[in-house]
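Please read them with the structure open.

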2 protein chains.
Amino acid sequence: MAEQKRVCLTVAYDGTNYHGWQVQNNGITIESELNRCLTELLGEPIQVIGASRTDSGVHALGNIAVFDTTSPMPAEKFSYVLNQRLPEDIRIQRSEEVAGDWHPRRHASRKTYEYRIYRGEFPMPVRRLYTYFTYRPLDVDKMREAAAYLEGEHDFKSFCQVGSQAESTVRTIYSLQMEEQGPELVIRVCGSGFLYNMVRIIAGTLMEVGQGKLRPEDVEKILQAADRSAAGPTAPACGLTLIKYEFL
Amino acid sequence: MAEQKRVCLTVAYDGTNYHGWQVQNNGITIESELNRCLTELLGEPIQVIGASRTDSGVHALGNIAVFDTTSPMPAEKFSYVLNQRLPEDIRIQRSEEVAGDWHPRRHASRKTYEYRIYRGEFPMPVRRLYTYFTYRPLDVDKMREAAAYLEGEHDFKSFCQVGSQAESTVRTIYSLQMEEQGPELVIRVCGSGFLYNMVRIIAGTLMEVGQGKLRPEDVEKILQAADRSAAGPTAPACGLTLIKYEFL
């Protein structure tokens with residue numbers, strides 16, 4: 001019998017047709033599809049450990065999952081073999097061996113998310129699943145001003161969904177930038193970690209600033225309030241994509 | 001009774017779930033959905049006339065359709081009212097009145113199409129419906145060299161699907177450019193008109209050049225052959241998007 005090894009997968013998916021990452025009783029998830037394909041492939045029960053438990057409808061270019069196996073298959077081959085079994089809206093981008101005690105949620109990392117807003121008079125069908133549509137004008141300069149208050153280390157309790165189990169609500173945002181790509185406005189955020197719904201609440205709050213419902217400087221007060229009801233709404237899931245994990 | 005007027009629609013759609021533009025007996029099409037919604041809305045049988053009869057799986061940001069009606073509704077309102085009835089993968093971007101004898105296929109126009117290729121080791125799920133995936137390296141400089149032979153007025157018989165009813169196979173390509181957008185290679189072509197499958201055959205031929213199966217200068221001989229079998233394969237539909245019509 002081959003020695004046990006831990007394999008790390010970089011997982012891309014279109015979240016449209018899934019009930020999020022985490023295994024649930026009432027629907028197919030990214031995690032359940034990975035478990036099913038690995039269990040069928042290896043003939044032993046496999047349960048992956050994921051880095052980010054993305055919500056229903058959220059997309060990823062590079063989420064991370066690990067699993068242990070005694071299979072003699074080289075770690076690098078798993079991407080090819082799994083992609084032949086997975087549905088076409090999930091694709092392993094890379095597979096590699098990691099240390100047996102390496103855990104994707106316990107190892108320090110930088111995470112990058114993008115929230116995309118499609119601005120126009122009417123929605124654009126080919127972008128409907130990957131952007132949030134708004135016909136309301138957004139003042140991007142004001143959104144940039146507001147974003148500056150969120151960069152750095154802060155208590156992001158106001159930007160955390162009520163009911164989250166997080167022990168601490170202090171996180172560090174390394175950068176929070178706005179980029180215009182034609183009709184799309186991309187909010188790109190890179191941080192040490194994110195609380196439950198944090199990126200979507202940041203996006204919802206920045207959009208309120210862009211529409212003039214909040215002033216940029218209000219964001220400082222929202223942070224100080226340490227109260228979810230002080231911030232703007234949670235922006236819809238389809239606009240959100242997990243871009244990448246970088247382990248430090 | 002109001003006077004009859006001709007209304008012009010700019011139509012965007014995600015072609016994934018349709019049997020192309022043109023009404024067919026065996027499946028739902030963009031044209032059949034427009035006819036259905038307009039007929040229900042106006043209480044009179046409406047048949048639109050489309051500019052480009054795109055194939056199954058091809059997308060559009062701005063196809064054109066016209067119809068006649070005696071409805072007193074201002075032409076500009078049709079976009080709003082139709083978008084409330086159409087499925088979310090079809091959206092009218094603009095509606096306006098045009099002259100009663102204006103015909104979208106008989107009026108001189110410049111058409112722009114994009115063919116998108118996603119280059120990577122594995123497909124990217126969020127782009128799978130809007131790009132053609134290839135893991136083969138493409139020499140973009142050689143593709144640009146080849147593209148230059150196709151610009152201008154030529155007999156494009158080699159780039160026309162056999163069985164097409166076109167009277168003449170002479171067309172003018174105003175520009176044919178390659179743009180790299182990260183992992184995506186965009187072939188953008190602007191012309192006076194395109195024969196059946198012409199853009200997809202151009203894309204398939206340029207990819208053969210990019211892979212070294214054809215030399216750039218072979219494209220000149222392919223044009224001279226005036227024979228479909230001389231050109232490369234027809235690239236898959238999902239990579240193709242009709243970007244816009246400009247009427248001259």
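1. Salt bridges first. Over all chains, a search of the whole structure finds 42 of them. The criterion is a side-chain nitrogen of Lys or Arg within 4 Å of a carboxyl oxygen of Asp or Glu. In general terms, side chains of opposite charge can pair when their charged atoms come close.

2. Ground rules. This is a predicted model, in which local features need pLDDT of at least 70 and side-chain atom pairs count only at pLDDT 80 or more, while totals for chains, interfaces and linings use all residues. Residues are numbered from 1 along each chain as its sequence is written, chains are lettered from A and ligands numbered from 1 in the order in which they are written, and side-chain values use heavy atoms, with hydrogens and water left out.

3. A:Asp218 and A:Arg215. Their side chains form a salt bridge at 2.9 Å, N to O. A:Asp218 is buried, with a relative accessible area of 13%. A:Arg215 is partly exposed at 44%. For these labels, buried means under 20% relative accessible area, exposed over 50%, and partly exposed in between (1.4 Å probe, protein chains only).

4. B:Asp68 and B:Arg6. This salt bridge has an N to O distance of 2.8 Å. The pair links distant parts of the chain: B:Asp68 sits in strand S3 (residues 59–69) of chain B and B:Arg6 in strand S1 (residues 5–13) of chain B, 62 residues apart. Helices (H or I, at least four residues) and strands (E, at least two) are DSSP runs, numbered from the N terminus. B:Asp68 is partly exposed at 28% relative accessibility. B:Arg6 is buried at 11%.

5. B:Glu40 and B:Arg85. Here the side chains meet in a salt bridge at 3.7 Å, N to O. B:Glu40 lies in helix H1 (residues 30–42) of chain B and B:Arg85 in the loop between helix H2 (78–83) and strand S4 (90–98) of chain B, so the pair ties together parts that are 45 residues apart in sequence. B:Glu40 is partly exposed at 46% relative accessibility. B:Arg85 is partly exposed at 37%.

6. A network in chain A. Salt bridges link A:Glu114, A:Arg116, A:Arg127, A:Glu179, A:Glu184 and A:Arg188.

7. The interface. In contact are 24 residues of chain A and 24 residues of chain B, contact being heavy atoms within 4.5 Å. The area buried between the two chains is about 2,100 Å², and carbon and sulfur atoms give 62% of it. Buried area is the accessible area (1.4 Å probe) that two parts lose on being put together, summed over both. In chain A, the residues that lose the most area to chain B are A:Phe122, A:Val126 and A:Arg128, together 30% of what that side buries.

8. One joins B:Glu88 to A:Arg128 at 3.5 Å, N to O.

9. A:Ser95. This residue lies in strand S4 of chain A. A:Ser95 is buried, with a relative accessible area of 5%. Its side chain reaches the backbone oxygen of A:Ala75 at 2.6 Å and that of A:Glu76 at 3.3 Å. A:Thr16. The loop between S1 and helix H1 (30–42) of chain A holds this residue. A:Thr16 is partly exposed at 33%. A:Thr16 and A:His59 are 43 residues apart in sequence and 7.5 Å apart in space, C-alpha to C-alpha.

10. Aromatic pairs. Rings of Phe, Tyr and Trp (its six-membered ring) pair if their centres lie within 6.5 Å; planes under 30 degrees apart count as stacked, over 60 as edge-to-face and the rest as tilted. The rings of A:Tyr245 and A:Phe247 have centres 5.6 Å apart and planes at 20 degrees, so the pair is stacked. A:Tyr245 is buried at 12% relative accessibility, and A:Phe247 is partly exposed at 27%. B:Tyr245 and B:Phe247 are also stacked, at 5.6 Å centre to centre and 25 degrees between the planes. Ring pairs link A:Trp102, A:Tyr245 and A:Phe247 into a cluster.

Definitions and conventions: A polar contact is a pair of N or O atoms within 3.5 Å; within protein, one must be able to donate a hydrogen and the other to accept it, and residues adjacent in sequence count only if both atoms are side-chain atoms.
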